[in-house]
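Okay, thanks for coming, everyone. Let me put the structure up on the screen and then walk you through a few things.

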Amino acid sequence: MNLAVFASGSGTNFEAIYTVCQREHQALSVCLLFCDKPGAYVCTRAHQLGVPLEVFSPSDFPTRAAYEQALVDMCQRYHIEYIALAGYMRIIHKPLLQAYPQKIINIHPALLPAFPGATAIDDAFAAGVSTSGVTVHYIDEGIDTGTIIKQVEVPRHADDTRESFEARIHEAEHVLYPSVLMDIARLENSSR
């Protein structure tokens, strides 16, 4: 299964996905990293790992629809079958949703439907929850509202700082996300 990873930041989930794909290369191949932020560290990771990289931002296009269509065209050039959002901090809209229905997957650092949005870890920590976690879900037109694929709980310890809590959530992401993507790839490959 040909996978594109979309990212906007440092790329730790991208690297975790890539590492698992290298071990299980027959099921899933990371064929492309797309980044909407020139200079983001994930671009350096892509270069170091030898993953094809495309970089452009919405400001390069006259409309949001034109930007999204450029994403569709790019994915088609690389023969992408699924898209994994790994810290891609933009809402996905119709051109891409229509081209890849139920084939765009996201990871979220909370147990959805609790704490949707970009500040999930901060929100969960501030709320004083005893347990948060990680959710992998399909993308739809809403913000973190798509069908949940799998979740894992991450307890908040009494002595946790915001940073230690976040570190354990990221550790859980780096295990859960590649595992879910591999399961989807195996299912796709077995149905061919």
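So, to begin: leaving aside its neighbours within four places in sequence, which residues is Ser57 in contact with? Asp36 and Tyr67, where contact means heavy atoms within 4.5 Å.

Before I go on, the housekeeping. This is a predicted model, where local features need pLDDT of at least 70 and side-chain atom pairs count only at pLDDT 80 or more, while totals for chains, interfaces and linings use all residues. Residues are numbered from 1 along each chain as its sequence is written, and side-chain values use heavy atoms, with hydrogens and water left out.

Back to Ser57. You'll find Ser57 in the loop between β3 (53-55) and α3 (64-77); helices here are DSSP runs of H or I with at least four residues, strands are E runs of at least two, and both are numbered from the N terminus. Is Ser57 buried or exposed? Buried, because its relative accessibility is 11%; the cut-offs are under 20% for buried, over 50% for exposed and partly exposed in between, with a 1.4 Å probe and protein chains only. The side chain of Ser57 also makes a polar contact of 2.9 Å with the side chain of Ser59. That term means a pair of N or O atoms within 3.5 Å; within protein, one must be able to donate a hydrogen and the other to accept it, and residues adjacent in sequence count only if both atoms are side-chain atoms.

Next up, Gly133, which sits in strand β6 (residues 131-138). Gly133 counts as buried because its relative accessibility is 0%. Skipping neighbours within four places in sequence, Gly133 is in contact with several residues, including His108, Leu111, Val152 and Ile169.

Now the whole chain. We've got six helices and seven strands, and from the N terminus the order goes β-α-β-α-β-α-β-α-β-α-β-β-α. Of the 192 residues, 46% count as buried. In the protein chain, 64% of the contacts with a separation of 6 or more are between residues 24 or more positions apart.

Last thing, dimensions. Taken along the principal axes, the C-alpha atoms fill a box of roughly 50 × 40 × 30 Å.

That's it from me.
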